[in-house]
Amino acid sequence: MASAESASLGRKVRSAARWSLVNTVVLRLGNFATGIVLARFALGPAEWGVYGVAQTVLMVLLSANELGVGLAVVRWEGDLRRFAPTVQTLSTLSSGLLYLVLFTAAPALAHALGSPNAAWVLRIMCVSVVLDGLAQVPNGVITREFAQIRRLVLDAVNFVLSTGVTLGLAFAGWGAMSFAVGALAGNAASLLGAVVAAPGAFRFGWNRAEAGALLRFGLPLAGASLLALGVVNVDTLIVGATLGKVALGFYVLAFNMSGWPVRVVSEAARRVSFAGFSRLAESAGPALADGFGRALRVLVTGTVPMCVLLAGLAAPVVGLVYGHQWLPAARALPWLMALGLTRIGCELAYDCLVAIGARHALLAVQGLWLVALIPTLFEGARLDGIAGVAAGHAVVAGGLVVPAFLLALRRGGIGVGVVARACAWPFLAGAAMAAVLLGLPRALGHSLAALAVASAGALAVYALGVLPTRHALLGVERRHGRHARPRALLPGPSRTPLPPPRRSPEQEPEPLLDGTGPDGVRP
């Protein structure tokens, strides 16, 4: 029976992962193309800066708007019909109250962040907080059932509608407000689609005992999620407040570019890895460690080449894709690519620690990260503008946060050796790839053809470097030189109820252009 359950989970995870990857790649390419059109022909750095402020505030609000109770739909065992109506009521009430606070404080908040004219952009865009509260239970049901085909359809509807509205309004001269109205249209359609895709899930109700239990579990997780979003978004607030909205526009564009590999590879995996880790949470030993190691290996192997390419060719890529008026953004991009690669491992570790119930460790790590980050970013902005902010971000993440996560994982049964084995070959191959990118352009020149040759050569070197790990990447065991059966990315279900962790990215709403805005602004 146990083997049958494990095989069934493996099939679900593999199928969901495939559809999630298709979803992420297709929609990110659409976001990428939309961002190019807007940056080249419709909007300038100042408008992007206003959008960056509004998007940052929205994401911070979304991290805590349902008080952490939404993940109960994904995580708790038992009859959904019993506790889901209470989750729906709690998340709707909390998101509505949060939006009222935001609506009142919007002018003062926009002024403090260096964009006084962003108040109404904030008010319109953050209606998505209320829509997110309403969508918690339907989206949770879709995640719980690994229903990534339904998710793909919903995201496609959101993307088409929000992109069409945003482009139309931007070319009509609406500026940053085009982002807000586009987000609102897409999120409203996504909410309606989620209600249809999860029939019977959209119901209100109240049970006082269940509400108390949900809040006891959810509030610490909401706090951890809020800290995590603060870590990711505090740089935008600091750049806007100290360097102005034009510099913020350049920084937002660079951060968006650094998020391409994070979202194409990491987001697709995290939509299913969270549920998989939840099934393995009781076996915090070999099974969990093996599943984490395999997931990390796949993510790092797929992300390193994209990070190295964008870091090594920052200025040519920015100029070619967005135009020469955006070249100041290239100064921050190499450091932000290093940060993006670090975040991939940290996000996977976050999900794993949530699944095993290490809430105090998560709060400690996220709190340490935020406390160290704020003074570092202010000093970086003072010394070297947006490049200094990006460098400070990368140094704190790599030098302080990674060791803290490794310690927390070790206490959860996942040793440093698991992480080292997963990352060793991709990192060595990435170093060789970086050497090629540094050497070939100097020898061949900086024409478009020379850069294409250098990129192709670097990718070929990387492919040869990770070739020894091909069997592990494919999930195939080797026995005496012969292939054994494929292995699921995250094997084996757990058999006991577990408390709910924080909300997963799957349960985040889609605030703009499939959740990220043009070419993928922050998670």
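Helix 11 passes helix 16 in a right-handed crossing, where right-handed means that the near helix is turned clockwise from the far one by less than a right angle, and left-handed that it is turned anticlockwise. The structure shown here is a predicted model, in which local features need pLDDT of at least 70 and side-chain atom pairs count only at pLDDT 80 or more, while totals for chains, interfaces and linings use all residues. Residues are numbered from 1 along each chain as its sequence is written, and side-chain values use heavy atoms, with hydrogens and water left out.

Let us stay with this first pair. Helix 11 (residues 286–312) and helix 16 (residues 448–466) pack at an angle of about 155°, with their axes 11 Å apart. Axes here are lines fitted to C-alpha atoms, for helices over the stretch in contact, and angles run from 0 to 180 degrees between N-to-C directions. The two helices are therefore roughly antiparallel to each other; angles over 145 degrees count as roughly antiparallel, under 35 as roughly parallel, 65 to 115 as roughly perpendicular and the rest as oblique. Their contact (heavy atoms within 4.5 Å) is made by Val 300, Thr 301, Val 304, Pro 305 and Leu 309 of helix 11, together with Ser 455, Leu 459, Tyr 462 and Val 466 of helix 16. These residues divide into 7 nonpolar, 2 polar and no charged. Ala, Val, Leu, Ile, Met, Phe, Trp, Tyr, Cys and Pro count as nonpolar, Asp, Glu, Lys and Arg as charged, and the others, Gly among them, as polar.

Helix 11 has another partner to follow. Its axis and that of helix 13 (residues 333–355) come within 10 Å and cross at roughly 165°, so helix 11 and helix 13 are roughly antiparallel to each other. This crossing, too, is right-handed. Among the residues that make the contact are Phe 292, Leu 299 and Val 304 of helix 11, and Met 337, Ile 344 and Leu 348 of helix 13. The contact holds 18 nonpolar and 2 polar residues, and no charged ones.

The axes of helix 13 and helix 14 come within 11 Å and cross at roughly 25°, which makes helix 13 roughly parallel to helix 14. Their crossing is left-handed, and its contact residues divide into 22 nonpolar, 4 polar and no charged.

Now for the wider picture. The protein has 17 helices and 2 strands, taken as DSSP runs (H or I of at least four residues for helices, E of at least two for strands) and numbered from the N terminus. Of its 523 residues, 58% count as buried; buried means under 20% relative accessible area, exposed over 50% and partly exposed in between, with a 1.4 Å probe and protein chains only. The largest nonpolar core has 116 residues, and Phe 292, Tyr 322, Trp 369 and Phe 405 have the most contacts inside it. Such a core is a set of buried Ala, Val, Leu, Ile, Met, Phe, Trp, Tyr and Cys residues joined through side-chain atoms within 4.5 Å.

Pro 403 sits in helix 14 and counts as partly exposed because its relative accessibility is 40%. Gly 244 lies in the loop between helix 9 (208–243) and helix 10 (245–280), and its C-alpha atom is 8.5 Å from that of Leu 113, 131 residues away in sequence.
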